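This briefing goes with the sequence and 3D structure shown below.

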Amino acid sequence: KSKNDDIGIKYLKIGEIMSFSFRTNFWGTTEFWCDVYKGPDYKCFRGFTAYQASGLFVKDGSSYNWLARDDGIYFHKDSLPSYYKFYWK
């Protein structure tokens with residue numbers, strides 16, 4: 001979700017991937033946040049900023065990848081290695 005876009009609630013099966021693309025706005029203020037739930041009754045939760053533009057006139061073009069695992073949420077950009085980013089609350 002962002003200030004201007006809401007892709008809605010998505011239910012993913014284990015191993016399933018969700019993908020979407022967007023462009024950073026002219027002012028470099030684009031921000032997307034994500035709420036992730038897991039487990040029976042969706043008791044484990046984590047909310048986080050999934051993307052935040054880095055300034056005016058920046059055209060990144062990178063791929064930002066988030067992976068939810070049993071022990072937490074991992075991140076990697078483009079083809080760089082994944083690393084642990086957030087724990088479940």
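**Strand pairing and overall layout**

Tyr-74 stands opposite Tyr-84 in S5. The model is a predicted one. Its secondary structure comes to 5 strands and 0 helices, and the elements run β-β-β-β-β from the N terminus on.

**The sheet**

- Strands S3, S4 and S5 form an open sheet in the order S3-S4-S5, with antiparallel pairing.
- The edges of this sheet are strand S3 (64-69) and strand S5 (83-86), each of which pairs on one side only.
- On average, neighbouring strands of the sheet are turned by 40° against each other, direction ignored.

**S3 with S4**

- The antiparallel strands S3 and S4 are joined by 6 bridges.
- Tyr-64 has Lys-77 in S4 as its bridge partner.
- The link from S3 to S4 is a hairpin through 2 residues.

**S4 with S5**

- Strand S4 covers residues 72-77 and is joined to S5 by 3 bridges, the two strands running antiparallel.
- Which residue of S5 stands opposite Ile-73? Phe-86 is the residue in that position.
- The hairpin of S4 and S5 has 5 residues between the strands.
- In this hairpin, Asp-78 takes a positive phi near 55°.

**Trp-33**

- Trp-33 has its place in strand S1, which spans residues 31-38.
- Is Trp-33 buried, exposed or partly exposed? The relative accessible area of Trp-33 is 36%, so this residue counts as partly exposed; the class lies between the cut-offs of under 20% for buried and over 50% for exposed.
- Trp-33 and Ala-53 are 20 residues apart in sequence, and their C-alpha atoms are 12 Å apart in space.

**Whole-chain values**

- Taken along the principal axes, the C-alpha atoms of the protein fill a box of roughly 45 × 30 × 20 Å.
- The protein has 89 residues, and buried residues make up 18% of them.
- Among contacts between residues at least 6 apart in sequence, 33% join residues at least 24 apart.

**Charges**

- The protein carries 13 positive and 10 negative charges.
- How far apart are the mean positions of the positive and negative charges? The two mean positions are 2 Å apart.

Notes
Residues are numbered from 1 along each chain as its sequence is written. This is a predicted model: local features need pLDDT of at least 70, side-chain atom pairs count only at pLDDT 80 or more; totals for chains, interfaces and linings use all residues. Side-chain values use heavy atoms; hydrogens and water are left out. Helices (H or I, at least four residues) and strands (E, at least two) are DSSP runs, numbered from the N terminus. Buried means under 20% relative accessible area, exposed over 50%, partly exposed in between (1.4 Å probe, protein chains only). Contact means heavy atoms within 4.5 Å. Lys and Arg count as positive and Asp and Glu as negative; His and the chain ends are not counted. The place of a charge is taken as NZ of Lys, CZ of Arg, CG of Asp or CD of Glu. Two strands pair if DSSP finds at least two bridges between them. Axes are lines fitted to C-alpha atoms, for helices over the stretch in contact, and angles run from 0 to 180 degrees between N-to-C directions.
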